[in-house]
Amino acid sequence: DMLEKVRTRKKSWARMIELVAQGLGGVPAESLAIAHVNALDRARIFDAQLRAAVDCPPETLFVAFTAGLSVHTGPGMIAVVTVAAET
């Protein structure tokens, strides 16, 4: 189910970062992965913005979605996955 619809890239990235911060609940991220569809450069820019707002591990795993997985999103899709560190 769609959580919400945000219209611009700037607003959607800001909202994703906000949701990641809420999901981590002030705990540092132990692992971080960013998935993308033909958008590695944009994924790296998003990574920098996320790191400015959230305590992240030193390395990010970048994952390219294949055509089969990206059929519903199209090129330019960015997704983020985090695992919170144990407290």
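Leaving out neighbours within four places in sequence, H36 is in contact (heavy atoms within 4.5 Å) with A43, V63, A64, F65, M77 and I78. This is a predicted model: local features need pLDDT of at least 70, side-chain atom pairs count only at pLDDT 80 or more, and totals for chains, interfaces and linings use all residues. Residues are numbered from 1 along each chain as its sequence is written, and side-chain values use heavy atoms, with hydrogens and water left out.

H36 belongs to strand β1 (residues 29-36). Strands are DSSP runs of E, at least two residues; helices are runs of H or I, at least four; both are numbered from the N terminus. H36 is buried, at 7% relative accessible area. Buried means under 20% with a 1.4 Å probe, protein chains only.

| Side chain | Backbone nitrogen | Distance |
|---|---|---|
| H36 | A39 | 3.1 Å |
| H36 | L40 | 3.4 Å |

Now the rings. The structure holds one aromatic pair. W13 lies in helix α1 (residues 9-24) and F46 in helix α2 (residues 40-53), so the pair ties together parts 33 residues apart in sequence. Both W13 and F46 are buried. Pairing takes ring centres of Phe, Tyr or Trp (its six-membered ring) within 6.5 Å; planes over 60 degrees apart count as edge-to-face, under 30 as stacked, the rest as tilted.

Definitions and conventions:
Buried means under 20% relative accessible area, exposed over 50%, partly exposed in between (1.4 Å probe, protein chains only). A polar contact is a pair of N or O atoms within 3.5 Å; within protein, one must be able to donate a hydrogen and the other to accept it, and residues adjacent in sequence count only if both atoms are side-chain atoms.
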